[in-house]
Amino acid sequence: MSANIRKRSSRGRTPTGQPNPVDVHVGNRIRLRRTLLGLSQEKLAAMLGLTFQQVQKYERGMNRVGASRLWDIGKVLDVPVEFFFEDMDKSVASQSPRMFSLPNNQALCLEEEGTTFDVDPMNRQETIELVKAYYKIPNRKAAKHLFDLIIAMSKSTNNYEKKDNEEN
């Protein structure tokens, strides 16, 4: 290997060399929160003292986010560190770097003990657009009425589903 060619680090990557799904999940949660706050990658980077390329790499899971950096990101985005790990799918959690280093039977036992996670509706573009549109409504009283309507509709829909299930 020549002195000018550096081998890419495989720390934290899958055995195939892909970014670890846990790192990708954390990056998606960073992007979600940044987007909900209406921040650009450039603005977040400036707030963290980074380049926008570094934020971009974090959001894609290409670069792992260290603990102290994740702490800073949480402070800037006004969320606890736990936010970045919430709603992680079981299949993603089972691909942590630790799982790749364990013997197969031990990794399978740990997977079975794992908690099941719901799919996060906050990761959907539709949700982000809805939240942004809601906060753009200039008449806050009308926005509150819209909010109340949506809550009432969701409760009545839920009640209908419960009645249907009880009848069947």
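Student: How are H1 and H8 oriented to each other?
Tutor: In this predicted model, helix H1 covers residues 21–36 and helix H8 covers residues 125–136. Their axes lie 10 Å apart, at an angle of about 20°. Angles under 35 degrees count as roughly parallel. H1 and H8 are therefore roughly parallel to each other.

Student: Is the crossing of H1 and H8 left-handed or right-handed?
Tutor: The handedness describes how H1 passes H8. For this pair, the crossing is right-handed.

Student: Which classes do the residues of the contact of H1 with H8 divide into?
Tutor: From H1 come Leu32, Thr35 and Leu36, which meet Ile128, Val131 and Lys132 of H8. By class, the residues of this contact are four nonpolar, one polar and one charged.

Student: Which helix gives the most to the lining of the largest pocket?
Tutor: This pocket holds about 260 Å³ of space. Its lining includes Thr127, Val131 and Tyr134, as well as Phe147 and Ile151. H8 and helix H9 (140–167) each supply at least two residues of that lining. With six residues, the helix that gives the most is H8.

Student: How many charged residues does the lining of the largest pocket have?
Tutor: Among the lining residues are Leu130, Ala133, Tyr135, Ile137, Leu146, Ile150 and Ser154. Sorted by class, the lining has 10 nonpolar and two polar residues.

Methods. Residues numbered from 1 in each chain as written. Predicted model: local features only at pLDDT ≥ 70, side-chain atom pairs only at ≥ 80, totals over all residues. Heavy atoms only, no water. Axes fitted to C-alpha atoms, helices over the stretch in contact; angles between N-to-C directions. Helix = DSSP H or I, 4+ residues; strand = E, 2+ residues; numbered from the N terminus. Parallel < 35°, antiparallel > 145°, perpendicular 65-115°, else oblique. Left-handed = near helix turned anticlockwise from the far one by under 90°. Contact = heavy atoms within 4.5 Å. Nonpolar A, V, L, I, M, F, W, Y, C, P; charged D, E, K, R; others polar. 1 Å grid on protein atoms, 1.4 Å probe; cavity = no way out; pocket = protein on both sides within 12 Å on 5 of 7 lines; lining within 4 Å. Points joined across faces, edges and corners; volume = space filled by probe spheres on them.
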